[in-house]
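I open this notebook to record what I looked up in one structure. The entries follow the order in which I took up each topic.

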Amino acid sequence: MYQRFFAALAALMVPGTLLSQGVWEKTYKLGSPTSIHSIKQVPDGGYIMAGWGAGWFGGLAEQNAIIMRLNSNGDTLWYKIAGGSQWDGFYAVVRDNDGGFVAAGETQSFGAGAQEVLLMKFDSLGNKVWD
């Protein structure tokens with residue numbers, strides 16, 4: 001299945017842009033269901049988004065945490081899945097001072113096996129720095 005992200009989403013985040021003036025529309029092949037909980041525009045005009053997806057690109061479990069970097073045209077620069085054998089997902093992502101990204105969410109795969117905090121840092125190219 002496919003999930004759709006519309007230009008209207010990008011237009012909402014650009015100051016002074018009206019919702020009706022969308023610039024692009026993209027379809028990303030994600031698992032079903034998929035939920036994007038955080039999307040932010042970065043200084044180069046692109047976007048970073050994070051959430052979770054079911055079986056996303058051959059993930060490790062039914063639902064894995066996902067983080068995806070897009071350029072200003074909505075094209076995928078990189079994506080990463082994170083998680084283990086249980087449910088894992090990101091709820092927020094921020095850009096840090098070194099140009100990388102920190103994503104926060106929850107995991108049932110690590111820690112005591114209950115709902116634990118999942119916090120991961122990625123560099124600007126999507127490489128995991130720490131978790």
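In which strand is the place of Arg69? I find Arg69 in strand E5; strands (E, at least two residues) and helices (H or I, at least four) are DSSP runs, numbered from the N terminus.

**Entry 1. Basis of the model**

I note that this is a predicted model, in which local features need pLDDT of at least 70 and side-chain atom pairs count only at pLDDT 80 or more, while totals for chains, interfaces and linings use all residues. Residues are numbered from 1 along each chain as its sequence is written, and side-chain values use heavy atoms, with hydrogens and water left out.

I looked up pLDDT, the predictor's confidence in each residue, from 0 to 100. The protein chain has a mean pLDDT of 80, and 74% of its residues reach 70 or more. Confidence is lowest in helix H1 (residues 7–13), with a mean of 39, and highest in strand E8 (residues 101–107), with 96. Over residues 1–20 pLDDT stays under 50, and the model has 40 contacts beyond four places in sequence for them; contact means heavy atoms within 4.5 Å.

**Entry 2. Overall make-up**

I record 1 helix and 10 strands in the protein chain. From the N terminus on, the elements run β-α-β-β-β-β-β-β-β-β-β. Of the 131 residues in the protein chain, 43% are buried; buried means under 20% relative accessible area, exposed over 50%, and partly exposed in between (1.4 Å probe, protein chains only). The accessible surface of the protein chain comes to about 7,000 Å², with 54% of it belonging to carbon and sulfur atoms; accessible areas come from the Shrake-Rupley method with a 1.4 Å probe, and for residues only the protein chains shown count as cover. Among contacts between residues at least 6 apart in sequence, 37% join residues at least 24 apart.

**Entry 3. Nonpolar cores**

I next looked up the nonpolar cores, each a set of buried Ala, Val, Leu, Ile, Met, Phe, Trp, Tyr and Cys residues joined through side-chain atoms within 4.5 Å. The largest has 14 residues, of which Ile48, Ile67, Phe90, Val93 and Phe101 touch the most other members. Strands E4 (47–54), E5 (63–70), E6 (76–82), E7 (88–95), E8 and E9 (116–122) each supply at least two of its residues. The largest share of this core, 3 residues, comes from E9. Apart from this core lies another, of 6 residues, among them Trp24, Met49, Met68 and Leu70.

Is Val93 buried or exposed? Val93 counts as buried because its relative accessibility is 0%. Val93 lies in strand E7. Leaving aside neighbours within four places in sequence, its contacts include Ile48, Ile67 and Phe101. I also record that Val93 and Ala104, 11 residues apart in sequence, are 6.4 Å apart in space, C-alpha to C-alpha.

**Entry 4. Salt bridges**

I counted 5 salt bridges, each a side-chain nitrogen of Lys or Arg within 4 Å of a carboxyl oxygen of Asp or Glu.

I returned to Arg69, which is buried, with a relative accessible area of 8%. Arg69 forms a salt bridge with Asp44, the closest N and O atoms being 2.6 Å apart. This pair links distant parts of the chain, with Arg69 in strand E5 and Asp44 in the loop between strand E3 (34–41) and E4, 25 residues apart.

Lys26 and Asp75 meet through their side chains in a salt bridge (2.8 Å, N to O). Lys26 lies in strand E2 (residues 26–28) and Asp75 in the loop between E5 and E6, so the pair ties together parts that are 49 residues apart in sequence. Lys26 is partly exposed at 22% relative accessibility, and Asp75 is partly exposed at 31%.

The side chains of Lys121 and Asp98 form a salt bridge (3.1 Å, N to O). Lys121 lies in strand E9 and Asp98 in the loop between E7 and E8, so this pair ties together parts 23 residues apart in sequence. Lys121 is buried at 8% relative accessibility, whereas Asp98 is exposed at 57%. A network of salt bridges links Asp96, Asp98 and Lys121.

**Entry 5. Nonpolar surface patch**

Which residues make the nonpolar surface patch of about 390 Å²? Val117, Leu119, Val129 and Trp130 make this patch. Patches are made of residues with over 30% relative accessible area and no salt bridge, like charges being joined within 9 Å and nonpolar side chains (Val, Leu, Ile, Met, Phe, Trp, Tyr) within 5 Å. E9 and strand E10 (128–130) each supply at least two residues of the patch. Leu119, found in strand E9, is partly exposed at 38% relative accessibility.
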